[in-house]
Amino acid sequence: MSKIHITLVGGQPAPVYNGIKATNPDKVVFVHSIDSLKALNALIKEIDIPYETVPLSPTEAVEIQRVVEKMAEQYVDDEVIVNISSGPKSWSHLFGSMFQSKENAAVVYMDQNNVLWNYRTMQGLQDFEFDMHTHFRLYGNSIENNYKKFSDYTDADVEAMKKIEEIRNFDVQIFNALLTVLDKQKQHTLKNCKCGRFEHDSGSYVEWEKTTEQQDGFVRVFLIKKNGNSKEVKFESPNAVGLAFNSGWFEFKVAKLLSTWSRSKEICMNCKFPYKKGVDKNETDIVINTGSKVLFVECKTQINNITDIDKFRSVIKNYGGMGSKGVFVTDAKMTDIAKAKCEEHGILSFSLQDSHLGLTEEKSLQLLLESELFNINTK
């Protein structure tokens with residue numbers, strides 16, 4: 001007797017793949033339509049199990065019933081698992097109705113939290129390892145070689161982050177003008193030059209050298225206020241330049257707050273996804289493997305444009321699939337409009353400047369995620 005896994009393939013390949021991994025069958029039968037060929041091909045690349053493909057109309061009831069009856073007869077002497085997580089409802093109904101009545105079969109459903117529900121035993125099971133990188137590949141969104149591991153940051157980077165935040169708090173406006181809101185020319189210089197210096201009308205300046213094989217990067221920031229008060233910090237670390245400019249320090253700070261969360265299995269930063277038509281952004285600050293799904297994290301010191309939330313929602317939906325979650329983290333307090341927009345899109349929101357009821361920022365953020373992570377997305 002063989003274990004046969006019959007799985008319905010629709011537009012969401014992840015529950016199909018995870019169902020296969022959870023049940024470890026001897027053979028997989030992919031039921032697919034013309035519209036789900038892309039998902040089918042992505043699935044085939046990821047499995048190393050004998051398989052068969054069965055093309056099927058999503059609407060012709062008589063044809064669907066005929067295929068269902070044929071499969072029930074073909075595998076009558078085998079242990080059969082039928083995964084109805086994906087595919088059209090017409091398939092789910094007819095395959096489920098047929099095999100639910102068979103003693104040798106079990107109908108299963110993989111939910112958004114990657115719990116496999118067996119409708120014969122009425123029990124849920126989650127005892128397989130969720131692979132975030134496979135998840136991205138299934139949706140055609142591989143980030144391989146296009147992200148930075150949080151684990152690559154050092155204690156020197158942590159000290160650099162603290163110094164950057166210290167000098168920023170001395171004069172936020174001048175700091176932002178020098179290191180955060182850069183014009184195209186300065187962005188080009190920062191990207192293409194090994195070292196450089198930017199100056200401000202106040203007499204403030206920042207100078208920097210990028211990390212090489214021989215030495216860590218170096219940054220010096222000197223700020224002078226209108227009243228003549230001045231402050232200087234300088235630091236060296238492997239990621240000094242990336243942390244100093246474009247709010248890299250804040251993204252690292254948020255990642256560090258999340259690194260102690262028990263569900264943070266892997267943290268990837270500065271993730272760049274393949275461009276997709278209709279999506280005007282292809283990157284996100286942080287993605288986290290929570291062990292059961294992907295968490296997207298967008299970090300901004302403050303939200304200046306409400307459309308940033310819309311763009312973030314597009315990233316989650318187009319690159320993460322239906323089950324993924326997102327949280328928008330800011331340093332400054334969010335406006336009521338921004339909070340409402342996040343809620344409208346099913347995105348969590350968190351500000352470091354909010355009152356945390358006596359808890360640390362770290363604990364408060366983690367409790368928020370813990371309370372919402374496993375809620376099912378409705379859209």
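Predicted model: local features only at pLDDT ≥ 70, side-chain atom pairs only at ≥ 80, totals over all residues.
Guide: Side-chain values use heavy atoms, with hydrogens and water left out.

Visitor: What makes residues 155-170 helix α6?

Guide: Helices are DSSP runs of H or I with at least four residues, strands are runs of E with at least two, and both are numbered from the N terminus. Residues 155-170 form helix α6.

Visitor: Why are α6 and α10 called oblique to each other?

Guide: Axes are lines fitted to C-alpha atoms, for helices over the stretch in contact, and angles run from 0 to 180 degrees between N-to-C directions. Under 35 degrees counts as roughly parallel, over 145 as roughly antiparallel, 65 to 115 as roughly perpendicular, and the rest as oblique. The axes of α6 and α10 (residues 248-259) cross at roughly 125 degrees and come within 10 Å; α6 and α10 are therefore oblique.

Visitor: What is the hand of the crossing of α6 and α10?

Guide: The crossing is left-handed. That term applies if the near helix is turned anticlockwise from the far one by less than a right angle, and right-handed applies if clockwise.

Visitor: Which residues of α6 and α10 meet?

Guide: Contact means heavy atoms within 4.5 Å. D157, V158, M161, I164, E165 and R168 in α6 meet W249, F252, K253 and K256 in α10. By class, the residues of this contact divide into 5 nonpolar, no polar and 5 charged. Here Ala, Val, Leu, Ile, Met, Phe, Trp, Tyr, Cys and Pro count as nonpolar, Asp, Glu, Lys and Arg as charged, and the others, Gly among them, as polar.

Visitor: How do α3 and α4 pack?

Guide: Helix α3 (residues 61-74) and helix α4 (residues 89-100) pack at an angle of about 35 degrees, their axes 10 Å apart. The crossing of α3 past α4 is right-handed. On the α3 side the contact includes A61, I64 and V68, and on the α4 side W91, L94 and F95 are among the residues. The residues of this contact divide into 11 nonpolar, 2 polar and 1 charged.

Visitor: Why are β9 and β12 said to stand at the edges?

Guide: Two strands pair if DSSP finds at least two bridges between them. The open sheet has 4 strands in the order β9-β10-β11-β12, with antiparallel pairing. β9 (195-199) and β12 (230-237) each have a single partner strand, so one side of each is left without a neighbour in the sheet. Neighbouring strands of this sheet are turned by 5 degrees against each other on average, direction ignored.

Visitor: How do you know that β11 and β12 pair?

Guide: Strand β11 (residues 217-224) and β12 pair over 8 bridges, in the antiparallel sense, where at least two are asked for. V219 stands opposite F235 in β12.

Visitor: Which strands does helix α7 lie across?

Guide: Helix α7 (residues 172-180) lies across β9, β10 (205-209) and β11, at about 145 degrees to β11. Helix α8 (residues 184-192) lies across β9 and β10, at about 155 degrees to β9.

Visitor: Why does H133 count as buried?

Guide: Buried means under 20% relative accessible area, exposed over 50%, and partly exposed in between, with a 1.4 Å probe and protein chains only. H133 has 13% relative accessibility and therefore counts as buried. H133 lies in helix α5 (residues 132-138). Not counting residues up to four places away in sequence, H133 touches I143, E144, Y147, E266 and C268.

Visitor: Why does F273 count as buried?

Guide: The value for F273 is 3% relative accessibility, so F273 counts as buried. F273 is in the loop between β13 (266-272) and β14 (283-289). The C-alpha atoms of F273 and E144 are separated by 9.1 Å, 129 residues apart along the chain.

Visitor: What makes strand β16 mostly covered?

Guide: Of the 6 residues of β16 (residues 325-330), 6 are buried. K325, V327 and V329 are buried on one side, and G326, F328 and T330 on the other. β16 pairs with β15 (residues 294-300) in the parallel sense over 6 bridges.

Visitor: Why is helix α1 described as largely enclosed?

Guide: In α1 (residues 14-23), 9 of the 10 residues are buried, so the helix is largely enclosed by the rest of the structure. Just after α1, N24 takes a positive phi of about 50 degrees.

Terms used: Residues numbered from 1 in each chain as written.
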